[in-house]
Every structure is written in C-alpha cells, then in structure tokens.
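Please look over the sequence and the model shown here. The briefing that follows takes up a few local features and then the chain as a whole.

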Amino acid sequence: ESVASAVFTTSAGAKWAAFYDMWGRGISTEKRDQSRNAMEYIAGKKFAAELVTPIQAILHPRVNADGQTVAVSVTNVSVGDSGALEMILRNPAGTTFTYMSQYSDEIALDAEIIGDSEYKVVIPDLHGWSVGTIFIE
C-alpha cells in the first residue's frame, strides 16, 4: 500500500510535501486546505490570512515590518458572484477591520476573536473577477 500525501523532514533537515494527483482533477477545497496546511508546516508558521469559504479566490495579504497583517485583498477568480466570504485573519495590526471594493462603500466589519491573535471576519459578496480589500488599523 502507499500514502496518497505526505509531509516529511529529510535527514538534512529539509521539509518536503508530496501529494498524489494534486493537479490531475483540479483543486478541490479539501486539496486547497491540504496544500495550505503543508505549506504552513514547512514554513513553520501560519499564513496571515485564510479563506474558509469553499470558493475559487486568491488572497493577497500585506504584512508590515513587524509581521502584523495590515490589509488583505481578495480576488474572486470565478465568473459568478461569491456570496459572503468567511476569512481568518492572523496577527492583525489593530482591531478595526474596514472593507472596501469598487462596488461598495466603506463597511466596518465585525470581527470575532477565535484564537491567539486570530480573528474571523465575513466580507460581502464579490462579483466575478473583482477585488475587495480588508484594511486593518
């Protein structure tokens, strides 16, 4: 028998991740999360932002020199509307979260503390191929 996916450390200390059929059938939400978890393990830290909602989107986090998250842009890379998007933001530069996009005015976001320096926020619907940004102060 074989293992479908593995993350391991070599005798020289290098960390590797190996996935079975990672790209063959497209990337499901589960594969996306598995890939992110492996990258975080290899990096030795969690990413500044995580998309919880199962949709095709790209996150563009901005981190300051102190390693604090100051903004996260989200690109909906599908042709349709996204619906509300749930995200986790880590190590924010502040506790005021403001959302803006080309289709919305400034919106103050409610943020739920879910862990040590981790917040859950929900942003409104993004149209296909559009971008919205969360600013953190």
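**An aromatic pair and its surroundings**

The model is predicted: local features need pLDDT of at least 70, side-chain atom pairs count only at pLDDT 80 or more, and totals for chains, interfaces and linings use all residues. Residues are numbered from 1 along each chain as its sequence is written, and side-chain values use heavy atoms, with hydrogens and water left out.

**Rings**

- Rings of Phe, Tyr and Trp (its six-membered ring) pair if their centres lie within 6.5 Å; planes under 30 degrees apart count as stacked, over 60 as edge-to-face and the rest as tilted.
- The count under this rule is one aromatic pair.
- The ring centres of F97 and Y119 are 5.3 Å apart and the planes stand at 45°, so this pair is tilted.
- F97 belongs to strand β7 (residues 97-101) and Y119 to strand β10 (residues 118-123), so the pair ties together parts that are 22 residues apart in sequence.
- F97 is buried too, at 2% relative accessibility.
- Elsewhere, the charged end of K15 sits over the ring of Y41, 4.8 Å from the ring centre; the rule asks for NZ of Lys or CZ of Arg within 6 Å of the centre and within 35 degrees of the ring normal.

**The chain as a whole**

- The chain has one helix and 11 strands, which are DSSP runs numbered from the N terminus (helices are H or I with at least four residues, strands E with at least two).
- Along the sequence their order is β-β-α-β-β-β-β-β-β-β-β-β.
- The C-alpha atoms fill a box of roughly 55 × 35 × 25 Å along the principal axes.
- The chain has 137 residues, of which 32% count as buried.
- Contact means heavy atoms within 4.5 Å. Among contacts between residues at least 6 apart in sequence, 56% join residues at least 24 apart.

**Pockets**

- A pocket is an open set of points on a 1 Å grid over the protein atoms alone, where a 1.4 Å probe fits, with protein on both sides within 12 Å along at least five of seven lines; lining residues have an atom within 4 Å of a point.
- The largest pocket holds about 510 Å³ of space.
- Its lining has 21 residues, and those closest to the pocket centre are R32, R36, L51, A57 and I58.
- Two or more lining residues come from each of α1 (29-43), β3 (49-51) and β4 (57-63); α1 gives the most, with five.
- By class, this lining has 14 nonpolar, four polar and three charged residues. Ala, Val, Leu, Ile, Met, Phe, Trp, Tyr, Cys and Pro count as nonpolar, Asp, Glu, Lys and Arg as charged, and the others, Gly among them, as polar.
- The second largest pocket holds about 170 Å³, and its lining divides into three nonpolar, four polar and five charged residues.
- Among the residues that line the second largest pocket are K46, R90, N91, D116 and E118.

**Residues at the second largest pocket**

- D116 lies in the loop between β9 (112-115) and β10, and is exposed with a relative accessible area of 79%.
- N91 lies in the loop between β6 (85-90) and β7, and counts as partly exposed at 33% relative accessibility.
- D116 and N91 are 25 residues apart in sequence, with 8.4 Å between their C-alpha atoms.
- N91 is not a glycine, yet its phi is positive, at about 50°.
- E118 lies in strand β10 and is buried, with a relative accessible area of 18%.
- Leaving aside neighbours within four places in sequence, the contacts of E118 include K46 and R90.

**Two further residues**

- M87 lies in strand β6 and counts as buried at 0% relative accessibility.
- The C-alpha atoms of M87 and I123 are 7.9 Å apart, although the two residues are 36 apart along the chain.
- Neighbours within four places aside, M87 is in contact with residues including L51, Y119 and I123.
- W129 lies in the loop between β10 and β11 (131-136) and is exposed, with a relative accessible area of 58%.
- Phi of W129 is positive, near 55°, in a residue other than glycine.

Methods: Buried < 20%, exposed > 50% of the residue type's maximum accessible area, 1.4 Å probe, protein only. Points joined across faces, edges and corners; volume = space filled by probe spheres on them.
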